[in-house]
Each structure stands twice: as structure tokens, then as C-alpha cells.
Amino acid sequence: MKLSVPGRVTATAVVATVSLLAGGSIAGAAPAGQPAVAAAPDIPVANVKAHLTQLQSIATANGGNRAHGRAGYKASLDYVKAKLDAAGFTTTVQQFTSSGRTGYNLVADWPGGDTSQVIMSGSHLDSVTAGAGINDNGSGSAAILETALAVSRAGYHPTKHLRFAWWGAEELGMVGSRYYVNRLSTTDRSRISGYLNFDMIGSPNPGYFVYDDDPAIEKTFKAYYAGLGVPTEIETEGDGRSDHAPFKNAGVPVGGLFSGADYVKTAAQAAKWGGTSGLAFDRCYHSSCDTTANINDTVLDRNSDAVAYAVWELSQ
């Protein structure tokens with residue numbers, strides 16, 4: 001059962017609503033003598049879904065999956081990298097070995113901003129071998145890709161430095177992200193002001209879960225959803241089971257969003273979010289049916305806009 005799609009509320013409108021509720025001015029209209037605060041753009045869900053279609057095609061052409069060490073994973077990374085290179089990002093491919101196979105991380109830096117204050121957003125790009133991994137985790141990967149492309153389209157000049165990452169071998173135990181974090185110097189780790197993780201944000205029977213690891217990041221995501229009038233819950237199902245864990249263990253402030261995996265939606269959750277109680281948030285979790293048909297457009301749209309909202313808010 002799909003959630004009904006409400007009238008679109010743009011991220012810009014949410015910024016204005018939250019600011020006014022707090023007794024402030026509308027974002028972009030700064031007090032006299034202060035620089036204007038840029039409002040986050042709306043992220044077109046059609047663009048995010050177009051990336052998912054490409055990832056599905058890549059999986060279909062490569063044995064049905066995009067798993068670590070397989071041709072489908074490398075083709076997925078090449079697709080994302082080409083988009084970022086064309087948009088003006090500085091991209092780096094980091095290579096590692098796990099389970100006897102070569103894996104890759106992709107890191108993309110947006111030129112400018114204070115490199116002693118880095119806002120980093122990440123998603124794992126690999127699937128399990130059983131399927132294409134479109135919700136897990138094409139959804140997060142596509143959302144941060146489209147947010148990065150929105151940064152380029154806007155010619156955004158944040159105060160802080162923006163970095164995006166797509167991790168390999170998460171499904172084998174956060175291998176790629178651990179490899180990245182473990183090779184950062186103490187100084188470079190201290191420069192990451194916040195790491196935002198997006199792993200499964202388009203679940204077909206969705207919930208709206210916010211990580212509660214860092215108060216400032218948590219508050220940012222909750223403010224976005226307060227502006228939509230959508231209640232949230234603290235994320236517990238994936239706690240420590242995704243790529244934020246290596247960053248958190250290294251002392252980096254972390255946060256993120258999640259729409260649910262194989263836990264079952266309760267009657268109370270269905271009452272406030274819609275969907276079907278008694279069924280998993282994602283019945284195709286780690287299965288062959290995790291295809292482009294396994295996405296709820298409403299939650300994907302809202303979460304993609306929330307990604308951009310947080311990137312803009314936290315980098316100014």
C-alpha cells in the first residue's frame with residue numbers, strides 16, 4: 001500500500017516555515033548588516049528516480065546485482081563519478097580489498113568553503129548479491145548524488161566545505177567507510193564537522209526515522225519535518241549497522257535519515273504515517289525484489305529534500 005502523495009512542499013518553503021515558527025525571518029532575508037542565508041533548493045524526485053533507473057539497468061546488465069567486487073558495482077561507481085566530474089566536483093576513487101575482491105569508494109569535493117569545517121554526506125553504493133539494491137541503497141546514493149548536482153546547478157558557495165561519498169562493501173560490514181576513516185589523520189578527522197548518512201530512504205511501507213547521535217544534526221532534520229507537519233521517530237533499527245558507525249567511533253558528529261528495513265510497522269506507526277501495519281517497512285530488504293518497483297515516491301521525495309535542507313543549513 002502506497003502513501004498518498006500530498007501537494008508538493010518545497011524545501012525553501014520549509015525553511016521559511018521553520019524560521020517563522022522560531023520567530024525568525026524567512027531564510028534568504030537576513031537582518032541588516034548580515035549576509036543572506038541561502039535557502040536549499042527543491043530536489044526533483046523525478047531526477048532521483050532517473051538515477052535509480054540507471055542503477056537498475058546497470059544491475060540488470062551485470063548479473064542482477066551491484067555487489068562488492070562485481071561488475072555491477074564498478075559500473076555504478078563509474079556512473080556516479082561521470083555525473084560529478086561533469087558538474088565540477090573534484091573526485092577521488094579509493095581502492096581497497098575485501099573478501100578477495102577489489103572494492104572502491106568514491107569521494108567528491110565541491111571546490112571552496114572552509115576545509116577546516118567539512119560537512120560530509122555519504123551513502124553506500126553496493127547491493128547484496130541477491131538483487132539490484134534499489135532501496136538498499138540506491139535510494140540514499142541517488143538522493144545525495146542529486147543533492148550534489150543541485151549544489152553545482154545553484155553555484156552554491158557555502159561557508160563550510162562540502163564533501164560527498166559513496167561507499168563500497170557496506171554490506172560486508174561497513175568495509176569501505178571504515179577503510180576511509182581509518183586512513184584519515186587525526187587532523188583530517190577533526191576537520192569533519194558532521195557526517196550525514198543516508199541508507200534506505202525510499203522504503204515502500206515507510207517510516208520517518210531520524211538518527212539521534214548528534215543533537216545539532218538531529219535538530220536540523222527534525223526542523224525540516226516539523227515544517228512539513230510529519231512526525232518522526234528516533235532511528236534504532238540500523239543503529240551501528242551502517243556507514244555512520246566508523247565516523248561515530250572516531251569521534252565525528254553523525255546524523256542521518258532512514259525509512260525502515262525488515263522491522264514490522266506497528267499500528268501506531270501506520271496511524272501517523274500511513275501504510276500497512278503488520279508488514280515490514282521494506283518486505284524486499286536484501287531480496288531480489290528490491291527493484292525500482294520497491295520505492296515509495298512520497299518518502300523518497302521528502303527525504304531527498306531533507307538531504308538538501310540539511311546540507312544547506314549545516315554548511316552556512
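Buried means under 20% relative accessible area, exposed means over 50%, and partly exposed lies in between, using a 1.4 Å probe and protein chains only. This is a predicted model: local features need pLDDT of at least 70, side-chain atom pairs count only at pLDDT 80 or more, and totals for chains, interfaces and linings use all residues. Residues are numbered from 1 along each chain as its sequence is written, and side-chain values use heavy atoms, with hydrogens and water left out.

**View 1. The whole protein, in outline.** Ten helices and eight strands make up the list of elements. Helices (H or I, at least four residues) and strands (E, at least two) are DSSP runs, numbered from the N terminus. The protein has 316 residues, and buried residues make up 54% of them. A contact means heavy atoms within 4.5 Å. Take the contacts with a separation of 6 or more: residues 24 or more positions apart account for 76% of these.

**View 2. S121 in strand β3.** Strand β3 covers residues 114-124, and S121 sits in it. Is S121 buried or exposed? S121 counts as buried, because its relative accessibility is 1%. Which residues does S121 contact, leaving aside neighbours within four places in sequence? They are I144, R163, F164, A165, Y195, L196, F198 and V311.

**View 3. F164 and the largest nonpolar core.** A nonpolar core is a set of buried Ala, Val, Leu, Ile, Met, Phe, Trp, Tyr and Cys residues joined through side-chain atoms within 4.5 Å. The largest one here has 66 residues. Those touching the most other members are L84, F89, F164, W166, L196 and F221. Helix α10 (residues 297-314) gives this core its largest share, ten residues. Another core, of 13 residues, lies apart from the largest one; M120, A165, Y180 and F247 are among its members. In soluble globular proteins, nonpolar side chains tend to be buried together. Now look at F164 itself. Not counting residues up to four places away in sequence, F164 touches F89, L106, V107, A108, S121, I144, T147, A148, V151 and V311.

**View 4. Helix α2 against helix α10.** Helix α2 spans residues 45-61 and packs on α10 at an angle of about 110°, with the two axes 9 Å apart. Axes are lines fitted to C-alpha atoms, for helices over the stretch in contact, and angles run from 0 to 180 degrees between N-to-C directions. The angle makes α2 roughly perpendicular to α10. Angles of 65 to 115 degrees count as roughly perpendicular, under 35 as roughly parallel, over 145 as roughly antiparallel, and the rest as oblique. From α2 come V45, V48, K49 and L52; from α10 come D297, L300, D301 and S304. These contact residues divide into four nonpolar, one polar and three charged. Here Ala, Val, Leu, Ile, Met, Phe, Trp, Tyr, Cys and Pro count as nonpolar, Asp, Glu, Lys and Arg as charged, and the others, Gly among them, as polar.

View 5. How many disulfides does a search of the whole structure find? The search finds one. A disulfide is a pair of cysteine sulfur atoms within 2.5 Å. In the pair C284 and C289, the sulfur atoms are 2.1 Å apart. The torsion about their S-S bond is about -115°, so the disulfide is left-handed. C284 is buried, at 1% relative accessible area. C289 counts as partly exposed, at 30%.

**View 6. Helix α5 and R189 in helix α6.** Helix α5 runs over residues 175-182, and its buried residues include V175, G176, S177, Y180 and V181. Among the elements covering them are β1 (90-98), β2 (101-110), β3, β4 (160-167), α6 and α8 (244-249). R189 belongs to α6, residues 186-190. R189 counts as partly exposed, at 25% relative accessibility. Beyond its neighbours within four places in sequence, R189 contacts V181, N182, L184, A250 and V252. R189 and F247 are 58 residues apart along the chain, and their C-alpha atoms are separated by 8.6 Å.

View 7. S99 is not a glycine, but its phi is positive, near 55°. S99 is in the loop between β1 and β2. S99 is exposed, with a relative accessible area of 63%. M174 also has a positive phi, about 55°, without being a glycine. The loop between β4 and α5 holds M174. M174 counts as buried, at 14% relative accessibility. The peptide bond from D136 to N137 is cis, with omega near 5°. N137 lies in helix α4, residues 134-154.
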